[in-house]
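Me: I am new to this structure and would like to know what stands behind the words used for it. Could you take me through them?

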Amino acid sequence: MPKIADILWIIPLLPLAGAAINGFFGKSWPNSRVNAVGIGSVSLTFLAVLELVREFFKLPLAQTPIMKSFAPWLVAGSFRVDFNFWVDQLTIVMLLVVSGVGLLIHIYSTGYMAHEGGYYRFFCYMNLFMFFMLTLVMAGNLVLMFVGWEGVGLCSYLLIGFYFLRKSAIDAGKKAFITTRIGDVGFTIGILLAFWTFSSVDFGTIFMKVENSPVEAVGQIGVLTTIALLLLAGAIGKSAQLPLYVWLPDAMEGPTPVSALIHAATMVTAGVYMVARMHALYSHALTAMLVVATVGAVTAFYSATIGLVQTDIKKVLAYSTVSQLGYMFLGLGVGAYAAGIFHLMTHAFFKGLLFLAAGSVIHAMGGEQDMRKMGGLRKKIPVTYWTMFAATLAIAGVPLFSGFFSKEAILDAAKDGPHANLTLWVLGILGAMLTSFYMFRLLFLTFFGKQRYDEHKVHVHESPKNMLVPLVILAVLAIGGGWFALPTMIGGPDHFQNFLRPVFEAAPAGTAAVAEQANTEPVSPGAVLVRSLLAPGVIVALIGFLTAWWFYIRRPDVPKKLAQSVHGLYTLLLNKYYVDEFYLAVIVRPLLWISTNVLWHVVDENLIDGAVNGAGHTAREIGQQARQLQSGNTRSYAAWVIVGAVCVTVLVLGVWGMVR
Amino acid sequence: MNAVPTSYFLILSAILFGLGVIAFVFKRNIITILMAIELMLNAVNLAFVAFDRANGGVHNGWVFVFFVIVVAAAEAAVGLAVAITVIRNRQSLNVEDMNLLKF
Amino acid sequence: MTLPLIMFFACAAIAAIGALLVIFLREPIHSALALILVMVSLAVLYLLLGAEFIAAVQIIVYAGAIMVLFIIVIMLLNAGEEERTNLSKMARYAGLPLGIFLTLDLVYWLSHAAHAAPAATGAVGTVGADPTRDLAFLLFRSYLFPFEITSIVILIALLGALVLAKRDS
Amino acid sequence: MEFVAQHPILVVSIVKIVVLLFVLMTALAYLTWFERKVVARIQSRLGPLYVGAHGLLQPLADGLKFLFKEDLTPPASDKFVYILAPFLALSLALTTLALIPFGPATLTILGQSTNLGITNSSIGLLFVFAITSVGVYGVALAGWSSNSKYPLLGGLRASAQMVSYEVSLTLSVVGVVLLAGTLNLNDLIYAQSGRWFHYIPRWNVIPQIVGFICYFISAIAETNRVPFDLPEAETELVAGFHTEYSSFKFAMFFMAEYANMITVSCLATILFLGGWLSPLSSAWRWPLYLPGALLLIGGVALVYDTVILQRGIARIQLAVISSIALALGAICLIPSVMPIVQGPFWFLLKVVFLLFFYVWTRGTLPRFRYDQLMDFGWKFLLPVALANLVVTSFVVLVLNR
């Protein structure tokens, strides 16, 4: 058996094959067979990844990262792009997350989508997404990464617009596509600039060259900073940060598994991954770092506030996703790359779980998404309840749950990391409080209190096995996913960060952060434990929980009063700060006007059409004159032939004669 | 006995070819025009054989004559078939009546 | 004045006259006969050039097959005299002068080419003991592939002629 | 005159041509007599009887008749071609014979050793075919130029038939050429010399029996003879291509047809029956006397006939003929002449045999229908000839290994 490391391409290609098969033949197939192909391919991928991990751990550190080029792709002068893959610890983490969570969600979908039309289409898209995501993660150069980048964008567009009969769905799809595209423009330019600067798009070369170039301090905008910021633009678009976050909430139009896989667990974290992958660059462009951190923190807080008042269960989760992504950016921005990735992983677990659980709830409620029409579901759907509860604890950052470790790591780095920045830290803390508040609000509204739905209309029922199993597995992960860092509670090492160190130690900031993480001043483990239990994050989480409990269990009438008392603020939040309206007025409308009145009516109709028609017209005129030659009389043609013959003979023989 | 100089043959072939060309332009009858083509081919063959003798040695020239003859046969077969069909449709042998293929 | 020369001039005259007749006779069948005359005289010239085999083939294929085909077609369509329409200005004004010019041009250059070419080897006849055998070797050894191709050409021509001439009823 | 002296070959050739032509003409004339007699016997009739003894002067009478008949030329006909056609037919038919070797190269005239035959081309066979292939024109042109329905149809049929059968004719012969490895007729004959088991002559008939049959059938078709005589099928188109012809032009067609018969028979003899080679073992000496002896016996028989049976003019005639026969027999017995005569003797014997075969088929077989004819030619004869060719070439290949 060949080593997976030698045939890395098999990993992304398996899902692609699945997609192709389902896409071409799935239409007439029964669901079971579609499942076999779809899930089969993904699970094979997962196994391949596991095998790869095994081999990877066997490798001596010297031989990592694995860099393999399989074929030249684009070769033009000095510009050369290969199909080359790059596998290091970071990639390993991403691979595990993507393929693992992906597999679980595929399984979940078999239950959730069972009665939907276009079943094969769904799985075809999902597999395609897996393909692109894996390409993105494993890519060894910027261009190949960009392929995956755009590919996942495409798949997300297709899947958001999965119910293409619903206009809202289609619009949401378009919105997602276009919004992210705005960021991608920056990304593309960034790539070109990178090539122009480093005369290569391969990570290896780029990193090497970056290492040898001086660090650009804050406020100093050099080429590295420019590249970093441009790439960041793409990341912001993809990972739904301010100001391009608007597409993500609408993306909830898609089926819930899609929201879970693409818009919570994997795709939206592509930006984070990209920044982490290019950490060398960012560590040398401190301005960019600052921007990253700021964007992250602000987004974290901002979208959390919106999350407070949303009533649609999936919308709440969407905004919480945005804010969690903000946390990741914050982590990256303050140089705690490992922490950021750590949060990425845990978030993949608990947010995926939350979405799936929400999906299960919606499934139970027969498609109802408004939390005000739920309540008291605790007894009806216990499994969903418990899993969701676990996820909520995790995201709220309750100690011993995965979210706690990652979030704490980020906040610590923000408080007293090398790039520490107190304002950002404060924003983070507040965000954390809001997070725990709205999450518990969601939990209480959904599962506690009295039923606010009509018993006879809605027949609440627990979801089938193939939906619950992934829930449970994810719940376990959501709880235990963070225990790599368990020792830190008593001042021990953080295994996750140690594992990632080879990747990030290149970055001075990263190492510093990690080092700082590793040896907080050596006091007794008990003290450390106490401190970590009394960390601000935990406290605010507690506050959030209590407020939520007070509002929605103890005194359910308070929220309304509050809403009336601070009515303006409430509506503002409810309407998401009127950002969409703002964009519509400021950007979309003018753009539309210009493209209609200028580009269309002036440029297209007069200039372009004019040119084209003109060309055609002239050609026709010439033809009109020339066709007179073609009299249709064979003898004339014969005569013409002779003319030609004479010309040739005179020419050839004449010239030949001259030569002789 | 001494041979005929090669140039004589070549000149003859040139003349025949020219006559073929003229016939090709001046005849109105499809079939005759096809004949004119045959005439030209023959002229060429003569040139081939003459040159072959002039060069002596291996008879590559003959081989080409051979191929020319084959092609001529094929050409005659197809050409006449075409002529027959055309004549059937146009009820005329005069090429000047077959002037639909224009403008 | 030697025998070959006499024969050459006789045949050349016959051939040239025949070609002229092809042009000036109006009855297609007469033109065909004139053409046959040309071919036969050419065959004799080939003999004179020592190309017996070619001469035989010339007669068998051209006179014996192709021209027979022509004559049969003429008989089938029973083609009468051709009428002297003159619709094509091009042919009328450009055709004749250019044709004549081409002829003279070729004559001029070919006669020169002949001078350039090695002088005709002495005896009528050929180098190899049995030229026909040589030709056979050439055809089936050196030129085997083209030879096969010609067979395919013939086949295709056959089918084409069949398809074209078949009256679809 | 000294030009001729420079080229004695011319003289020799001319002499040979004259002799051959004379012999051939008589042969043609008496071939008609022969045919009529044989057919008559087959149909249990007596055949020509009154003109001379055994109707032997019948051909002469016919010739005179042809000469003195009025020579009609249809006014609507294309005069030139109309006249050209029969000349073409006859001349071509006769030309072919120029290539036939009647005996081995033993004769010496004007110090030039030459074979019994006018030329000896290295590709004689091809030339024979070349000329026969051109033979179509006589018929076709005749049909066209008469400018009348029946001849036109006859001409079309004739040309189509001849062209089609020419293919299988040629193909059937290629086998022989493969075996001999030459196109020269003499060499073709020499290639057949020798014996199997000391007695069976090495003639091509035995290995090439299929080819022989194919050849003979297509030869009959080629010469428009029964059962392939559709071009002149009386019941359908009066007399076919020569309907409009009369008197001597008609005679020319007539002669051409018989000349062609002789030609193909000669060819068959050369290709398949070992030409002039004697079937008897050369170990014996007595076969040398055979020609003379036979002639003498014939002469004696004629003398008996003259004396006992005939009366009047016939007596004189037969007396002349018998004396000629006896004289010839005597000449053939002269030792110096004897070897020269052997070749022609056997050759003629074989040819006559084949001609008899011709007549025999005519006497017995009915006529084909046109589509049958074509089907037979293309769908049966051609494939068989091809198969024969393939097999032969394979065998040759194996044997040469």
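Reply: Two residues are in contact if their C-beta atoms, placed from the backbone, lie within 7 Å. This is a predicted model, where local features need pLDDT of at least 70 and side-chain atom pairs count only at pLDDT 80 or more, while totals for chains, interfaces and linings use all residues. Residues are numbered from 1 along each chain as its sequence is written, and chains are lettered from A and ligands numbered from 1 in the order in which they are written.

Me: What makes up the contact of chain C and chain B?

Reply: By that 7 Å rule, 80 residues from chain C and 68 residues from chain B take part.

Me: Which helix of chain C gives the most to the side that touches chain B?

Reply: Helices here are DSSP runs (H or I, at least four residues), numbered from the N terminus. H4(C) gives the most, with 13 residues.

Me: How many residues of that side of chain C are nonpolar, polar and charged?

Reply: Ala, Val, Leu, Ile, Met, Phe, Trp, Tyr, Cys and Pro count as nonpolar, Asp, Glu, Lys and Arg as charged, and the others, Gly among them, as polar. The side of chain C touching chain B therefore divides into 61 nonpolar, 15 polar and four charged residues.

Me: And what about chain C and chain D?

Reply: There, 15 residues of chain C are in contact with 21 residues of chain D. Helix H3 (residues 52-76) of chain C brings the largest share of chain C's side, 11 residues.

Methods. Helix = DSSP H or I, 4+ residues; strand = E, 2+ residues; numbered from the N terminus.
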